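Student: I have a model open and would like to talk it through before I set anything up. Could you walk me through what the coordinates show?

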Amino acid sequence: MNKINYMNPYLAGFLLGLLLIVTVYITGRGLGASGAFKSYVVASAETIAPLHSENSKFYREYRNEHNSSNPLMNWLVFEVTGVLVGAFISGLISNRLTLTLEKGPNLTNRLRVVAALIGGVLWGVGSQFGRGCTSGAALSGMAVMSTGGIITMFSIFAGAYLFAFFFRKLWI
Amino acid sequence: MGPLVPDVVSNNLNLILAFFIGIAFGAILEQAGFSSTRKLVGLFYGYDFTVLRVFFTAGVVAMIGVMALSHFGFIDMNLVYVNPTYLWSAIIGGLIMGLGFVIGGFCPGTSICAVAIGKVDAIIFVIGVFLGVLIFAEGYPAFEGLYKSEFWGNPKIFETLSISPNLFALAMVCFAMLAFWFVGLVERKVNKEPLKQFKLRPYYIVLSIVGFILLVSAFTLKDRKSAILQVIQDEQYVKSNKLDVMNVDEFAFRLMDNEEELEVVDFREPNDAKTLPLPKSKLYTIDNLFEKEPSKHLQVRGKKYVIVANDEFTERKIGVIVNELGLNRMMILEGGLNYFKEQIINFKPIQNPKTLLESYTNRFREKASKIIPVLINRNRTLQPIEKKQQRVLGGC
């Protein structure tokens with residue numbers, strides 16, 4: 001069976017926009033992703049090193065901000081679990097489920113793994129500074145016209161275009 | 001009125017909804033092709049601009065939609081999470097994420113989609129994100145200064161630029177359209193495809209008509225709040241509008257009776273209200289009427305609401321707003337509080353009452369002028385209506 005083509009990008013964008021409107025109307029907040037990672041990190045720290053997380057400022061501030069006692073009882077954790085399921089269903093329907101390592105044409109597997117790891121680390125740090133990632137800060141920020149969200153959005157694109165040249169060997 | 005959380009949709013149901021919203025989110029991202037890292041970074045090397053098209057279409061649609069919801073009074077934007085602005089943190093964070101994008105080839109949301117369909121590189125990326133957050137958490141004392149510098153509050157972009165929201169949305173739409181056109185050119189050049197001839201298709205016409213109608217309506221239709229506030233500018237209309245009036249004696253009687261159902265909705269300035277705080281009253285401003293939480297307190301069944309202000313004309317204006325908003329029916333106080341003060345609190349008995357009514361009035365008002373100041377004194381602790389403006393906690 002052949003892979004089914006991707007959706008028209010404008011249609012996908014329109015649907016995503018509608019989903020975001022519905023989300024804001026029902027929940028009063030936008031979509032997100034990196035917040036779930038943060039919740040998992042906090043939850044792990046509290047389980048593995050309770051004493052350390054008790055005294056460390058980052059975790060303390062997280063606890064003050066989120067009044068729920070369990071960091072995993074978090075909106076974004078549930079949403080991201082849904083993303084995992086939704087993407088799986090979509091991949092199943094469109095016949096895209098494969099175990100592969102995707103990389104640029106002139107790249108070794110090992111280099112791709114290292115690059116993916118470094119990229120992930122940068123996102124982890126950057127999304128904390130930006131108080132959200134492409135979904136939480138940029139997209140949802142744009143929906144509610146938040147100044148901070150829109151600044152983050154333009155910085156992400158600016159940063160990517162700024163550094164794209166130096167890492168072109170990874171992709172083309 | 002939205003947002004539906006937490007009164008219509010409870011906090012627990014909200015978590016379940018989050019799961020389903022996530023399913024839709026993940027499915028759309030995957031269908032758009034965001035589970036492929038080569039497709040994602042395409043926009044930075046010019047061979048595939050899918051991400052830019054999806055992202056900006058979604059952003060613009062959502063922006064206009066949310067704007068329309070608030071424009072027509074369906075959602076109280078005071079309760080919606082607006083990402084805070086920490087200038088330097090936002091810029092530096094964005095640049096770091098941009099760097100991470102061209103090196104790692106994903107962003108957190110898309111990496112989860114890619115994990116779901118079995119991309120090994122995405123699994124590595126996700127591990128990286130965990131490590132990154134952990135590094136930030138452990139190094140927090142070192143990052144905190146930058147993280148919290150240049151805090152601007154939670155401004156909206158049109159406030160920062162001091163332009164109208166409509167204008168900003170229009171600029172954003174134009175920017176997106178220009179970008180779509182431009183990246184189409186770049187994409188064909190990079191992939192060495194021939195330029196496509198522009199063909200007028202029927203749905204182009206439909207789309208442009210819809211766009212035009214949206215544009216015109218955005219700039220001509222007044223939002224609900226200013227439309228209603230416009231109505232009360234018409235003095236003749238306000239005066240002729242029929243409202244139920246409670247006369248001062250009845251009002252005094254009900255106050256002294258400490259009636260359960262009575263609810264005094266006080267629209268005076270806080271300072272005026274402090275010098276003469278009425279029993280059973282809550283302080284409101286006209287803006288409160290348009291907000292979700294405060295207006296909810298005005299819709300309790302079985303309550304008898306009385307609008308109170310210094311003069312009757314102001315009361316009438318507020319009565320008109322209340323009717324336009326479809327809140328509970330409210331009465332207004334005859335002559336406003338100024339008249340109430342003159343007739344009841346500082347009552348001067350009618351000299352030589354000639355009729356029975358006059359002597360009854362004398363008797364009642366003399367009694368009231370003694371009791372009501374006592375009630376008022378007991379009520380010195382009056383506070384303005386508590387605006388439970390708990391914003392939803394969102395973002396990251």
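Tutor: What follows is a conversation about the two chains of this model, which is a predicted one.

Student: Okay, chain A to begin with: how many helices and strands does it have?

Tutor: Chain A has eight helices and zero strands, and read from the N terminus its elements run α-α-α-α-α-α-α-α. Its C-alpha trace spans about 50 × 40 × 35 Å along the principal axes.

Student: And what share of its residues is buried?

Tutor: Of the 172 residues in chain A, 56% are buried. As for the contacts in chain A between residues at least 6 apart in sequence, 56% of them join residues at least 24 apart.

Student: How many residues does each chain bring to the contact between A and B?

Tutor: Chain A contributes 115 residues to that contact, and chain B contributes 114 residues. On the side of chain A that touches chain B, the elements giving two or more residues are helix 1 (9-27), helix 2 (34-48), helix 4 (57-65), helix 5 (75-93), helix 6 (109-129), helix 7 (134-143) and helix 8 (147-164) of chain A.

Student: Switching to chain B, then. What is the strand order in its five-stranded sheet?

Tutor: The sheet is open, its five strands are arranged in the order 1-5-4-2-3, and the pairing is parallel. Strand 1 (244-246) and strand 3 (281-283) of chain B each have a single partner strand, so they stand at the edges and one side of each is left without a neighbour in the sheet. Averaged over the sheet and with direction ignored, neighbouring strands are turned by 35 degrees against each other.

Student: Which residues sit across from B:Val264?

Tutor: B:Val264 stands opposite B:Val306 in strand 4 of chain B, and it also stands opposite B:Ser281 in strand 3 of chain B. Strand 2 (residues 262-266) of chain B is joined to strand 3 by three bridges, and five bridges join strand 2 to strand 4 of chain B.

Student: What about strand 4, is it mostly covered or mostly open?

Tutor: Strand 4 (residues 304-308) of chain B is mostly covered, with four of its five residues buried. Three bridges join strand 4 to strand 5 (residues 330-333) of chain B, and these two strands run parallel; B:Ile307 stands opposite B:Ile332 in strand 5.

Student: Which helix lies between strands 4 and 5 in their β-α-β unit, and what's the handedness?

Tutor: Helix 16 (residues 312-325) of chain B takes that place, and together with strand 4 and strand 5 it makes a right-handed β-α-β unit. A right-handed β-α-β unit is also made by strand 2, helix 14 (residues 270-275) and strand 3 of chain B.

Student: Where does B:Asn328 belong, and what does it touch?

Tutor: B:Asn328 is placed in the loop between helix 16 and strand 5 of chain B. Not counting residues up to four places away in sequence, B:Asn328 touches B:Leu298, B:Gln299, B:Lys303 and B:Tyr305.

Student: Why does B:Asn328 count as partly exposed?

Tutor: B:Asn328 has 14 other C-beta atoms within 10 Å, whereas a residue needs 20 or more to be buried and 12 or fewer to be exposed, so B:Asn328 falls in between.

Student: Last topic: at what angle do helix 1 and helix 5 of chain B pack?

Tutor: Helix 1 (residues 11-32) and helix 5 (residues 108-116) of chain B pack at an angle of about 80 degrees, with their axes 10 Å apart, and they are therefore roughly perpendicular to each other.

Student: Which residues make that contact?

Tutor: From helix 1 of chain B come B:Gly26, B:Leu29 and B:Glu30, and these meet B:Gly109, B:Thr110, B:Cys113 and B:Ala116 in helix 5 of chain B. The residues of this contact divide into three nonpolar, three polar and one charged.

Note on methods:
Residues are numbered from 1 along each chain as its sequence is written. Chains are lettered from A and ligands numbered from 1 in the order in which they are written. This is a predicted model: local features need pLDDT of at least 70, side-chain atom pairs count only at pLDDT 80 or more; totals for chains, interfaces and linings use all residues. Two strands pair if DSSP finds at least two bridges between them. Axes are lines fitted to C-alpha atoms, for helices over the stretch in contact, and angles run from 0 to 180 degrees between N-to-C directions. Two residues are in contact if their C-beta atoms, placed from the backbone, lie within 7 Å. Angles under 35 degrees count as roughly parallel, over 145 as roughly antiparallel, 65 to 115 as roughly perpendicular and the rest as oblique. Ala, Val, Leu, Ile, Met, Phe, Trp, Tyr, Cys and Pro count as nonpolar, Asp, Glu, Lys and Arg as charged, and the others, Gly among them, as polar. A crossover is right-handed if, with the strands pointing away from the viewer, the path from the first strand over the helix to the second runs clockwise.
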